Amino acid sequence: MTQTISPQTVEFASAIEKDKSHVWHHLSQHSVYEKQDPMMIVKGEGSRVWDAKGNSYLDATAGGVWCVNVGYGRTEIAEAVSRQLVELNFFAGTAATAPGAELAHKLIEKMPGMSRVYYASSGSEANEKAFKIVRQIAHKKYGGKKHKILYRERDYHGSTIAALSATGQEERRDQYGPFVPGFAEFGHCCEYRSQFGEVENYGYLAAQELEKAILREGADTVGAVVLETITAGGGVITPPEGYWQEIQAICKKYQVLLHIDEVVCGLGRTGKWFGYQHYGIQPDIVTLAKGVASSYAAISCTVTTEAVFQEFMDEPSERANYFRDISTFGGCTAGPAAALENIRILEQENLIENSATMGEYLLTLLREQQLDSRIIGDVRGKGLLIGIELVKDKVSKEPVEESIAMQVAGLCMKKGLMIGRTNRSFGRYNNTLCLCPMLTLTKDEADFIAVTLVDAINEVAAQLS
Ligand code: PMP
């Protein structure tokens, strides 16, 4: 049920008019706003947000796009950023700054086997840096040949043209081609949607999709593979058993660098500091963004092993042999200052453990309800990253229409709960509801999420013939 604070509709009316006149919203068809106002969020506290009409919602989307991990209204972070901005707000990433150094040290402590941190300000950029690192290594070591980057169907790596070129979601790519050459796709690892029928060794078979792609493209042309640890926006696809170990073995066999995109999974979202740490693997490159500073400031990191970094160590020479990359805002100190405080909170409040425990609790609640539900086909996830796939029929697994997932999300909003769902259009992917609540989630909040969501699903299911 929605809660109401003081009605502020009037106060924000002028801002909404200005928004409607001049703001171009992300991922939005604006003709909708000719008939209705966009939702305007005006306040956040803990795990709740308030809209301009005074309605309050439990935000199980961590800010709409899975990033406000420690919750809203953290004055400690605001104060740490404020202190740092007064001291030194910026200096280009060509120089050292104290917060940048401290954060890199802190991150590497938590990522055994990794060594260097390269700063920028978005997940897409972090991935772009990784692609450039791979390409430059190809030129330095392999005469430019081993430059291709393989990516997986249903993964997302960002909004820039190169990141989209590495993205396996047609609904994101449609109408943005032609794409950057040198990227090639291989098959997904969603066991619920197995491309091999019902098999015992799905994880092994799905990983073979990578080997097949390496052989198809030519092992001497493939420099790296980029994968999300758990495919997030593509439908919360948890890797099947044995999958990651086999992926790592294939990378080693063909000397292909393993780039893991932890833009969503990093910093506790899956119940470990980094999602890949569930699987006993060692990546060569890890990219981070959303949870690094819980989005109190824009910061992303491209983290590499010492071996990758050493490829760029040469005597200074006329030849531009170093990593010739720069992003202006990678020199902002607000990001590292916010991130250090964010990590302190994660540690002090045991939020990584909470993510693991509450994630299990929520998964169990939802799986119990799945048994009685006509349309909950699959419930999957790790930590506080959970997907609920809706189907017309549990046997045929035919996905529900997009409008059904929209109705469920809309009903949840009416009941005071914000949930996410996979991208619009292109029928195959729009039937998964996503839960990505704050890592501070309490048992009461988890109960509220499960009860509200299942009620909404049942109400919508009851209307289906
Ligand atoms: N990688 C993944 C896995 C993501 O989910 C996202 C953002 N949704 C990105 C990369 C891109 O991050 P950004 O939007 O900050 O560029």
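How many nonpolar, polar and charged residues make up the shell around the ligand? By class, this shell holds 6 nonpolar, 8 polar and 2 charged residues, where Ala, Val, Leu, Ile, Met, Phe, Trp, Tyr, Cys and Pro count as nonpolar, Asp, Glu, Lys and Arg as charged, and the others, Gly among them, as polar. The structure is a predicted model, in which local features need pLDDT of at least 70 and side-chain atom pairs count only at pLDDT 80 or more, while totals for chains, interfaces and linings use all residues. Residues are numbered from 1 along each chain as its sequence is written.

The ligand has 16 residues around it, of which Ser122, Gly123, Ser124, Gly158 and Val263 come nearest; a residue is near a molecule if its C-beta atom, placed from the backbone, lies within 6 Å of it. Helix α5 (residues 123-142) gives the largest share of the shell, 3 residues. Helices (H or I, at least four residues) and strands (E, at least two) are DSSP runs, numbered from the N terminus.

The chain is divided into domain 1 (3-68 + 351-463) and domain 2 (76-348), with bounds that come from an automatic or database domain assignment. The centres of the two domains, taken over C-alpha atoms, are separated by 27 Å. Their contact takes 29 residues from domain 1 and 26 residues from domain 2, two residues being in contact if their C-beta atoms, placed from the backbone, lie within 7 Å. On the side of domain 1 that touches domain 2, α2 (62-66), α12 (351-372), β12 (376-382), β13 (385-390) and β16 (432-435) each supply at least two residues. The residues of that side divide into 13 nonpolar, 11 polar and 5 charged.

The largest nonpolar core has 130 residues, of which Ala338 and Ile419 touch the most other members. Domain 1 and domain 2 both give residues to this core, so it lies between them. A nonpolar core is a set of buried Ala, Val, Leu, Ile, Met, Phe, Trp, Tyr and Cys residues joined through C-beta atoms within 7 Å. A residue is buried if 20 or more other C-beta atoms lie within 10 Å of its own, exposed if 12 or fewer, and partly exposed in between, with C-beta atoms placed from the backbone. Leaving aside neighbours within four places in sequence, Ala338 is in contact with Ile77, Ala80, Val81, Ala293, Tyr296 and Ala297. The C-alpha atoms of Ala338 and Glu79 are separated by 9.0 Å, although the two residues are 259 apart along the chain. Glu79 is found in helix α3 (residues 75-87), and this residue is exposed, with 12 other C-beta atoms within 10 Å.

Helix α8 (residues 202-217) has 16 residues and reaches 23 Å from its first C-alpha to its last, close to the expected 22 Å; the expected span is 1.5 Å times one less than the number of residues. Its buried residues are Tyr202, Gly203, Leu205, Ala206, Ala207, Glu209, Leu210, Ala213 and Ile214. What covers them includes β6 (148-152), β7 (183-186), β8 (222-228) and α9 (243-253). Just after α8, Gly218 takes a positive phi of about 100°.

A cis peptide bond, with omega about 0°, joins Gly177 and Pro178; Pro178 lies in the loop between α7 (170-173) and β7. Leu27, a residue other than glycine, has a positive phi near 45°. Leu27 is found in the loop between α1 (9-22) and β2 (41-45) and counts as exposed because it has 10 C-beta neighbours inside 10 Å. Lys397 likewise has a positive phi, near 60°, and is placed in the loop between β13 and α13 (402-414). With 13 C-beta neighbours inside 10 Å, Lys397 counts as partly exposed.

Two further positions complete the account. Val451 belongs to helix α14 (residues 443-463) and counts as partly exposed, with 14 C-beta neighbours inside 10 Å. Gly280 has its place in the loop between β9 (257-261) and β10 (285-288) and counts as exposed, with 9 C-beta neighbours inside 10 Å. Gly280 and Ser194 are 86 residues apart in sequence and 24 Å apart in space, C-alpha to C-alpha.
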